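Please look over the sequence and the model before reading on.

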Amino acid sequence: MNDHPVLARIHLNPYSREVQRDLRDATQMHKTVMRMVPDGLGNSPRQQAGLLYRVDESDTASTLLVQAASLDPARLPAGYGHADIKSLSPMFTALRKGLGVRYRIVLNPAKRTRLPLDAKGQRGRIVPLSGPDADQWWLRRATDAGLQLHVLTPTNLAPVRSRKQEEAGLRHSLVRYDGTATVTDPDALRAAVLAGIGRGKPYGAGLLSLAPATAA
């Protein structure tokens, strides 16, 4: 994987049928963003491409952020949206211990339930976390990722699902966190930005955005 990926910021066209479809169906959105990475990446193309994405929505617009080692927005459907691409190399270079940052991330906080000892070889269910349990989950993950959090403001997002999953009732609960932090381990933070954090990466979770904190 490229140590200095690129980030595409795509201002989505609300009148595009493909955009409307993808915002309703997380599996279709994943298929669309995967069109931007090179072909022939093997059995785990998302991981090989280092692809992560997130949809940021406001009252008036939807923006798709896509991070990968290499991206070609020309492969998106015609009229999908306007894309701006930048290298993340300057951001990685600027990371240093003690740097104050603002962050945003959408996460799928979850834990695997423990099974009794007689259930050897089996794995427990994945259970979504919410409220203070989700906050503590993010606090632990952020610490491991080289961030000391000062502010964490959660926003519960609508669960994402694919149409095929609706019948089975499967869904991925998402929480967006915004806040401020101090960098404690630049190497761990670079690794977390590259790999993403937590589960649900094919469904728009795990992409960590950083920016310098503004002085009060």
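A residue is called buried when its relative accessible area is under 20%, exposed when that area is over 50%, and partly exposed in between. The structure is a predicted model, and seven salt bridges are counted in it. Side chains of opposite charge can pair when their charged atoms come close.

**A salt bridge between two loops**

- Asp39 and Arg75 form a salt bridge in which the closest N and O atoms are 2.9 Å apart.
- Because Asp39 belongs to the loop between helix 2 (26-34) and helix 3 (45-49), while Arg75 belongs to the loop between strand 3 (62-68) and strand 4 (81-87), the pair ties together parts that are 36 residues apart in sequence.
- The two partners fall into separate classes of accessibility: Asp39 counts as exposed, at 61% relative accessibility, whereas Arg75, at 30%, counts as partly exposed.

**Salt bridges of Asp178**

- Asp178 meets Arg104 in a salt bridge between their side chains, with an N to O distance of 2.5 Å.
- Since Asp178 lies in strand 9 (residues 172-183) and Arg104 in strand 5 (residues 100-107), this pair ties together parts that are 74 residues apart in sequence.
- Asp178 counts as buried because its relative accessibility is 18%, which is to be read against the limit of under 20%; Arg104, at 26%, counts as partly exposed.
- Asp178 also meets the side chain of Arg176 in a salt bridge, here with an N to O distance of 2.9 Å, and Arg176 is buried, with a relative accessible area of 17%.

**The network and Arg54**

- Through salt bridges that share partners, Arg54, Asp56, Arg104, Arg176 and Asp178 are joined into one network.
- Arg54, a member of this network, is found in strand 2 (residues 52-57) and counts as buried, its relative accessibility being 2%.
- The side chains of Arg54 and Asp56 are joined by a polar contact of 2.8 Å.
- When residues up to four places away in sequence are not counted, Arg54 touches Thr63, Leu64 and Leu65, together with Arg104, Ile105 and Val106, and also Gly204, Leu207 and Ser209.

Notes. Residues numbered from 1 in each chain as written. Predicted model: local features only at pLDDT ≥ 70, side-chain atom pairs only at ≥ 80, totals over all residues. Heavy atoms only, no water. Salt bridge = Lys/Arg side-chain N within 4 Å of Asp/Glu carboxyl O. Helix = DSSP H or I, 4+ residues; strand = E, 2+ residues; numbered from the N terminus. Buried < 20%, exposed > 50% of the residue type's maximum accessible area, 1.4 Å probe, protein only. Polar contact = N/O pair within 3.5 Å; in protein donor to acceptor, adjacent residues only side chain to side chain. Contact = heavy atoms within 4.5 Å.
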